[in-house]
Amino acid sequence: MMTWDFFTEWFLPGIWITIQVLVYSALLSALVAFVVGTLRTSRFWIVRFLAGTYFEIFRGMSALIFMFWMAFAVPLMLGWQFVPLWSGTLALGLTYGAYGSEIVRGALAAVPAAQREAGIALSFTRWQRLRRIELPQAWPEMIPPFNNLLIELLKGTSLVSVIAVADMTFAGNLLRLAKNESAPIYTLLLVLYFILAFILTRLMRMLERRAKAGVGRAPEKKNGLLSRKLSPSGESMQASTQGAGGLG
Amino acid sequence: MSTTPDSTTENPPVDGSELIRFDNVTKRFGDNVVLDDLCFDVSSGKHVTLIGPSGSGKTTILRLLMTLVEPDSGTIKVNGDHLFHEERNGKLEPAGENHIREVRKNIGMVFQQFNLFPNMKVMRNITEAPVHVLGMAKDEAETRARELLELVGLTEHIDKYPTQLSGGQQQRVAIARALAMRPQVLLLDEVTSALDPELVAGVLDLLRDIAQTTDITMLCVTHEMNFARDISDDVLMFDAGKIIESGPPEKIFSEPEQERTQQFLNAIL
């Protein structure tokens with residue numbers, strides 16, 4: 001039977017490694033997604049072409065094989081190797097970032113053309129329009145698909161176990177070899193991934209509510225809290241407005 | 001309207017001089033000729049209304065001035081500077097983005113659908129461009145925004161998002177936002193067409209007020225003929241991409257020379 005000792009000795013560090021791989025590869029994915037996704041809306045065809053090429057290549061590549069390639073082929077070619085954790089993180093981040101870029105591109109494309117025109121009419125530069133108008137409006141639309149992708153990424157982190165990164169899947173496999181008890185171990189793993197995924201979903205929901213409030217769309221919950229928070233500053237703003245009006 | 005013979009404007013125009021000039025401007029969308037070899041000019045401080053059936057090219061003129069579309073041929077000058085061209089070695093060449101932005105800073109636009117930024121509260125909608133485009137200090141921009149909100153009668157909504165405002169209120173914020181850039185020219189593109197009928201009067205009153213109390217030049221596309229009659233110095237009647245008639249509102253609305261103008265006015269009045 002699985003002992004508590006084994007859980008604290010192998011599973012807990014495994015969970016910690018899984019979380020690390022998840023956080024690092026999610027950050028890398030987000031970076032890749034925003035950069036590549038934005039470049040795919042560029043007005044220069046060559047930029048669009050290069051970013052689109054990246055998207056097509058990494059979308060079409062198996063993250064697992066890419067991980068093997070990073071872990072086992074790169075050392076042979078360069079005579080130098082990544083720490084396994086970084087091979088896994090890079091492979092996951094670059095691959096899932098390609099999927100993410102499609103989310104960013106799609107959300108940017110869904111911002112009404114009228115917003116771009118209003119930005120031009122106020123003489124904002126392209127970069128200012130992107131940063132101050134288009135991306136902030138596209139952001140709430142990105143969060144639900146990003147949540148899906150993040151959960152896919154969480155489950156994808158189990159791939160790093162095959163390049164000997166001691167994540168929680170690796171710990172589970174190790175335990176199975178030692179104790180030859182597949183059923184409880186894999187059930188535990190399923191539950192653990194589910195719990196992590198559930199926590200991520202809750203976090204992303206919170207983020208989505210805040211993001212929607214930030215474009216003036218009332219959040220479905222916590223309305224009372226928000227209005228309580230807003231009204232005093234609203235009143236003080238009115239008072240100071242009247243003051244300025246009196247002076248002007 | 002005037003057809004000034006001299007086209008050299010070396011000195012910055014003073015009041016009454018030519019501020020906008022279209023020379024042989026043609027614009028096509030596919031096979032459809034929207035503007036056909038158009039020439040006209042607008043003097044500084046004038047309020048000009050463009051009327052005509054839909055598809056006659058009125059809105060395209062505003063969108064050209066706002067550089068939302070480019071002309072196929074011809075030149076447009078604002079304040080003596082070419083809008084889409086730069087002179088290099090005595091030759092006119094397509095202008096770079098920075099040149100276009102500099103010339104465009106003289107022009108503000110109010111849209112039919114308001115187009116406020118939904119991710120910014122009313123205050124930031126108004127201050128964002130003065131601060132980040134003109135480099136105005138934030139305090140100064142906010143003071144100016146409060147003055148403008150007082151002008152448009154919306155001081156109590158300063159801390160709201162656009163979605164929390166009615167259409168009429170949104171349009172008045174949009175007017176304040178355009179004025180915050182202190183443009184020489186204000187383009188009004190059917191600004192009351194998307195409003196509920198009972199909200200139209202408030203917005204038109206505000207624009208009358210602005211027309212009377214400021215020296216801003218206005219180009220106005222509208223179907224509100226009473227409003228056009230009140231504020232316009234000149235009315236341009238468009239049909240099929242050409243100006244078929246122009247003159248003071250009393251003349252155009254009461255005794256138009258062209259049969260087509262009369263038809264159009266009969267149809268909408």
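Chain B fold and cores

Trainee: How many helices and strands are there in chain B?
Mentor: Chain B has nine helices and twelve strands, where helices (H or I, at least four residues) and strands (E, at least two) are DSSP runs numbered from the N terminus. This is a predicted model, in which local features need pLDDT of at least 70, side-chain atom pairs count only at pLDDT 80 or more, and totals for chains, interfaces and linings use all residues. Residues are numbered from 1 along each chain as its sequence is written, and chains are lettered from A and ligands numbered from 1 in the order in which they are written.

Trainee: And how much of chain B counts as buried?
Mentor: Of its 269 residues, 45% are buried, meaning that 20 or more other C-beta atoms, placed from the backbone, lie within 10 Å of the residue's own; exposed means 12 or fewer, and partly exposed is in between.

Trainee: Which residues touch the most other members of the largest nonpolar core?
Mentor: A176(B) and L187(B) do, in a core of 76 residues. Such a core is a set of buried Ala, Val, Leu, Ile, Met, Phe, Trp, Tyr and Cys residues joined through C-beta atoms within 7 Å. Helix 5 (residues 167-179) of chain B gives the most to this core, with six residues.

Trainee: Changing topic, where is N180(A)?
Mentor: N180(A) lies in the loop between helix 7 (168-179) and helix 8 (182-213) of chain A.

Trainee: Is that residue buried or exposed?
Mentor: N180(A) is exposed, because 8 other C-beta atoms lie within 10 Å.

Trainee: How far apart are N180(A) and L192(A) in space?
Mentor: They are 20 Å apart, C-alpha to C-alpha, and twelve residues apart in sequence.
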